[in-house]
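Dear colleague,

I am handing over the structure below, together with some notes on what was found in it. Please read them with the model open beside you.

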Amino acid sequence: MNQKKQSKVIGIGNALVDEITLLMDPSVLQKFNLAKGSMTLVDRVESEVIHQETKNNSKKITSGGSVSNVVGALASLGIETGFIGSIGEDELGSFFIDSLSSIDVSLFLKESAAMTGVAISLVTPDGERTFATHLGAAALLEAEDLKKDFFDGFDIFMIEGYLVQNHSLIIEAARMAHDLGLKVAIDLASFNVVTENLELLTSLVCDYVDIVFANEEEARAFVGKEPREALDCIASMVDMAVVKIGAEGAYVSQEGQCYHVPTLSNHVVDTTGAGDFFAAGFLYGLSQGYELERCGYIGSLLASKVIAVTGAHLEDNMWGQLKEELSAL
C-alpha cells in the first residue's frame, strides 16, 4: 500500500436500520431464545413481536449494520469511503441513504420492493447488546450485483462477517477486491456466526483476507484457543490480526510483532458498535500509514467513545473533539 497518500476505504455489509432498545428486564432475551451478546436472524413477524414486546422501553433509531458503522465512522474522520449493500424502496431505506449521504459516504446500493432490514439491538443494564436482526432487503444482494468499478479508487475493502448468509456473495466480494489489489479486512461478526460457518470463514480468510478482527468469543470459535494463542493462530493465516478482549483491551499482531492495547475507558453505557469503532480506528491509522501499535491505540480510542453513548453514532461535537485528540497523537 502506498503510504504517501491517504488510503480510501470501501465496505460491504447488511444495510440495516438499528432500533436500539434499552431493556429494563433482561429476561426478554430468554423469552425469545436470544443468546446474550449474539446476533440472531429473525423473520419479519418475530421482529415485529420483539418490537411490540419492548415498545415501552427507551428506543433510538439510527442507520446500522456493522460495516455501515465502520465506513460511517471513517467518513466522519475525513476518510473517503464507500458502502455496498441492499435496501428497500421505503421510508427506512430513505433514512439509511440520508444518514450515510450526509457524511459523504459513496453509496452503491441495490434497491428492491422488500422491506429495509432492521436490527433490534437489545441492551441489558450491563451495556451488553444482543441483536435480533430481520435482514429484509439486505439479504437480496447477490454476487452478480457486484461490479469491478465499485472498487475504483479504493485501497482497503472491509467485509462484514454477517454476510455469510450468502456464501457466493461473500466469496465473490473478497475474491474481486483481492484480485483488484485492495487490502481485504473482515470482522468475524459474532461467535454463533463463526460456529455455524467455520469451514467457509476459514477458507475465505486463508484465500483472500489480509486483516482479521475478532473478539475473544469469536476468536475462540474460529480457532479453538484463548485470546493470546488465538491471536498467533489467526496471525499465521493473514498479514494483520486483531483480537479484542473487552475491558482488557485488545491484542494486535503483524509479522511476528505483537502488542497489547489497553482499553481507554471503563465507562460503558451500550456496547453497540464497539467492535465497529475499533475497526474504524484501526483502519484510520492504517489509512494514514501509521505503525501497528498506533493503529491499535486509535481503535481503542474510538471504541471508548462509542461505548459511552447509546447506539453506534457520535454527535457532531464529539467528532470534533475526537479529531483534536487524533491530531495530538
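This is a predicted model: local features need pLDDT of at least 70, side-chain atom pairs count only at pLDDT 80 or more; totals for chains, interfaces and linings use all residues.

Residues are numbered from 1 along each chain as its sequence is written, and side-chain values use heavy atoms, with hydrogens and water left out.

Helices are DSSP runs of H or I with at least four residues, strands are runs of E with at least two, and both are numbered from the N terminus. Axes are lines fitted to C-alpha atoms, for helices over the stretch in contact, and angles run from 0 to 180 degrees between N-to-C directions.

Helix α5 (residues 167-179) and helix α7 (residues 198-208) have axes that come within 10 Å and cross at roughly 10°, and they are therefore roughly parallel to each other (angles under 35 degrees count as roughly parallel, over 145 as roughly antiparallel, 65 to 115 as roughly perpendicular and the rest as oblique). In their contact (heavy atoms within 4.5 Å), H167, I170, I171, A174, R175 and H178 of α5 meet L200, L204, D207 and Y208 of α7.

Between helix α8 (residues 216-223) and helix α9 (residues 227-235) the angle is about 60°, and the axes lie 9 Å apart, which makes α8 oblique to α9. Here E216, A219, F222 and V223 of α8 meet P227, A230, C233 and I234 of α9, and by class this contact has 7 nonpolar, no polar and 1 charged residues (Ala, Val, Leu, Ile, Met, Phe, Trp, Tyr, Cys and Pro count as nonpolar, Asp, Glu, Lys and Arg as charged, and the others, Gly among them, as polar).

For helix α11 (residues 292-306) and α12, the axes come within 12 Å and cross at roughly 155°, which makes α11 roughly antiparallel to α12. I298, L301, L302 and K305 of α11 make the contact with M318, L322, E325 and L326 of α12.

Helix α12 (316-327) also supplies at least two residues of the lining of the second largest pocket, as do β4 (59-64), α3 (66-76) and α4 (91-101). The largest share of that lining, 5 residues, comes from α3, and the lining residues divide into 9 nonpolar, 9 polar and 3 charged.

With best wishes
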